[in-house]
Amino acid sequence: MEEENEEYTIEVEKLHKRYGKLEAVNGISFNVRKGEIVGFLGPNGAGKSTTMRILTGYSPATSGIAKICGHPVAANLHAIKRCIGYMPENNPLPNELRVREYLKWRAKLKEIPRSIRNEKIQLALERCDLMRTSDRIIGKLSKGFRQRVGIADAILAEPEVIIMDEPTIGLDPHQVIMIRDLISNLRGTMSVILSSHILPEIEMSCDRVLIINGGKIVGQGTPQELREVFINATTYELEINGEQQVLNNALKKISPDLEITKFSKFDNCTFSDVEIRGQGQHDYREEIFNALAQDDAIRVRSLRRRQAPLEDVFLAATRRSWDTVDNQIAIAETEEKTPQDSSPANKPQEDSVEDAVSKK
Amino acid sequence: MRHFFTLLRHELWKLFISPSTYIAAFLFLLIMGFMFQWILDLYTSNPQDESPSLTFFKSFFIPVFFMVPLLTMRSIADERNSGTIENLMTTPVTVTEVILAKFSAAYLYYITLWFFTACFHILFFAYAQEGSTIDPYPIFGGYIYIAISGMLFLSLGIFASSLTSSQLIAGIVSFTLVFGFIVGGSSLEELIIVMEPRPQWLEDLSRHTNSLEHMNDFSSGVIDTRAIVLYISCALTALFLSILILEYREGGA
């Protein structure tokens with residue numbers, strides 16, 4: 001038990017959250033190790049924010065277990081509040097206070113001892129590049145600065161677990177890079193969970209990605225692992241001078257898995273832009289290059305392998321789960337309808353009335 | 001109770017830096033000043049039985065009707081509406097601390113406003129005719145009543161604010177509660193017309209809940225513990241209910 005606690009700072013088991021009929025979170029289980037940075041991905045309404053709120057103890061789960069630093073959230077609310085730094089969705093802040101004033105108040109609430117309070121505030125301000133803004137009124141700051149105030153507040157007490165709901169929304173590229181560096185600096189000392197819609201952002205800063213859809217985890221692992229699971233194919237981009245048929249024959253000799261997905265000529269040029277898709281994870285680059293080099297009818301100018309972007313993984317993962325969700329809904333609807341639709345004669349009648357009206 | 005003073009200081013600081021605090025205070029004192037002057041005018045035209053200070057206290061419910069909803073409707077509803085309550089409740093504060101801090105800040109402000117109306121009486125004493133007998137003790141009684149009843153009215157306001165995330169609804173509910181307590185409580189006997197003849201217990205009850213009568217008692221020097229118990233116990237109930245509501249909605253319980 002002791003070892004388990006030390007290894008995982010966040011443990012979630014079969015978490016459910018129901019709002020009336022809607023199952024917002026439907027049996028999510030995952031663990032986060034100490035010092036790990038985990039990204040939550042999912043379309044809007046997938047249950048990301050709900051899960052985060054349950055972890056912070058702000059809203060209770062319908063069933064399931066969530067533990068932070070070994071403390072169960074439901075049973076020991078006070079202990080877990082001392083272990084977390086949370087930045088809610090939309091980053092609500094009191095508009096009438098000044099930045100330093102606000103952080104000072106938050107530091108007091110977070111029980112940072114008086115002797116190191118100013119030091120910690122200074123550190124958080126520096127980390128989030130807020131030094132020159134520290135005496136301005138929060139309500140008059142731009143969105144990027146507000147966002148940074150929220151992040152500064154989350155990391156202020158240097159808690160073991162940091163939970164941030166869309167921390168990089170509304171930031172310009174410079175600030176995004178800064179926040180990414182900041183999050184990377186936390187790696188190893190604090191566990192971070194963050195959600196984002198910006199997929200490259202997640203890919204660059206997170207050790208592990210959880211894709212959530214319809215309240216369920218539809219994929220988890222490193223970005224590379226997710227690629228292997230959801231997109232079991234590799235794309236090669238070539239620029240060649242030659243005919244499509246010749247290229248196709250050459251490829252078929254290497255492996256039947258390779259197929260041309262795009263073949264388009266550049267303007268004012270004899271070269272063509274070609275995309276080849278190969279099933280599986282095997283790297284065919286060298287084989288393709290050797291085969292084309294031997295073929296006199298084709299000249300190659302460039303060849304490179306393109307990794308499927310996380311975006312494709314995300315789309316594939318969420319589409320797959322939507323299909324199952326849609327099926328479930330369709331099944332449920334037909335089940336509901338069958339007893340009600342005892343008088344099928346009503347419907348055609350209504351239609352004919354409508355037709356008559358529209359004809360008039 | 002570790003965070004109570006941190007929260008209270010924060011609430012008071014927010015009041016202190018907000019312009020609306022000063023505007024509300026100005027309007028309150030303006031209205032009260034006009035009322036006092038109108039009472040004095042009344043006294044110059046025809047002689048009355050009681051001192052003008054007493055008449056002034058008897059109309060305490062007029063400012064209460066509009067000040068209490070205005071003071072308390074923001075407290076929790078606004079935090080909920082802007083989402084800052086989520087920030088607040090995920091720090092190691094307890095719901096009780098939050099409610100008590102909000103209540104105490106509103107109460108201190110309310111008491112401060114009434115404190116300034118003491119100037120009216122001081123001015124009145126300073127310029128009263130030589131030789132006229134003026135008794136200052138009813139004024140103390142009046143202020144004690146204001147302080148005790150303020151607890152109840154503001155806790156009703158905090159309760160209304162904890163119900164909803166809309167300031168408007170919170171304001172309307174708290175006005176209704178305060179109005180109901182003062183008007184309903186003081187005319188309970190007349191309101192219940194279905195019971196003929198009036199039973200004895202109804203008469204007893206209405207005497208206990210009549211806030212206008214309480215004010216009369218206090219400002220004539222009768223400090224009635226029954227009224228004190230009524231106001232404080234009702235205030236504690238309202239605060240307790242607000243704690244439960246906040247705990248249920250935002251406390252993760």
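Helices here are DSSP runs of at least four residues, numbered from the N terminus, and the angle between two of them runs from 0 to 180 degrees between N-to-C directions, with axes fitted to C-alpha atoms over the stretch in contact. The model described below is predicted.

**Chain B as a whole**

Chain B contains 14 helices and 0 strands.

| Property of chain B | Value |
|---|---|
| Box filled by the C-alpha atoms, along the principal axes | roughly 65 × 50 × 30 Å |
| Share of the 253 residues that count as buried | 37% |
| Share of contacts with a separation of 6 or more that join residues 24 or more positions apart | 80% |

**A helix pair in chain B**

Helix H9 of chain B covers residues 137–163, and helix H10 of chain B covers residues 167–186. The two pack at an angle of about 145°, and their axes are 8 Å apart. The crossing of H9(B) past H10(B) is right-handed.

Which residues of H9(B) meet H10(B)? They are B:Phe153, B:Leu156, B:Gly157, B:Ala160, B:Ser161 and B:Leu163.

**A strand pair in chain A**

Strand S12 of chain A spans residues 259–265, and the number of its 7 residues that are buried is 0, so S12(A) lies largely in the open. A residue counts as buried if 20 or more other C-beta atoms lie within 10 Å of its own.

S12(A) is joined by 6 bridges to strand S13 of chain A, residues 272–279, and the two strands run antiparallel. In one of these pairings, A:Glu259 has A:Arg277 in S13(A) as its bridge partner.

**Where the chains touch**

The contact draws 22 residues from chain A and 19 residues from chain B. On the side of chain A that touches chain B, helix H3 (77–81), strand S6 (84–87) and helix H4 (99–109) each supply at least two residues. By class, the residues on this side of chain A comprise 11 nonpolar, 5 polar and 6 charged.

Conventions
Residues are numbered from 1 along each chain as its sequence is written. Chains are lettered from A and ligands numbered from 1 in the order in which they are written. This is a predicted model: local features need pLDDT of at least 70, side-chain atom pairs count only at pLDDT 80 or more; totals for chains, interfaces and linings use all residues. A crossing is left-handed if the near helix is turned anticlockwise from the far one by less than a right angle, and right-handed if clockwise. Two residues are in contact if their C-beta atoms, placed from the backbone, lie within 7 Å. A residue is buried if 20 or more other C-beta atoms lie within 10 Å of its own, exposed if 12 or fewer, and partly exposed in between; C-beta atoms are placed from the backbone. Two strands pair if DSSP finds at least two bridges between them. Ala, Val, Leu, Ile, Met, Phe, Trp, Tyr, Cys and Pro count as nonpolar, Asp, Glu, Lys and Arg as charged, and the others, Gly among them, as polar.
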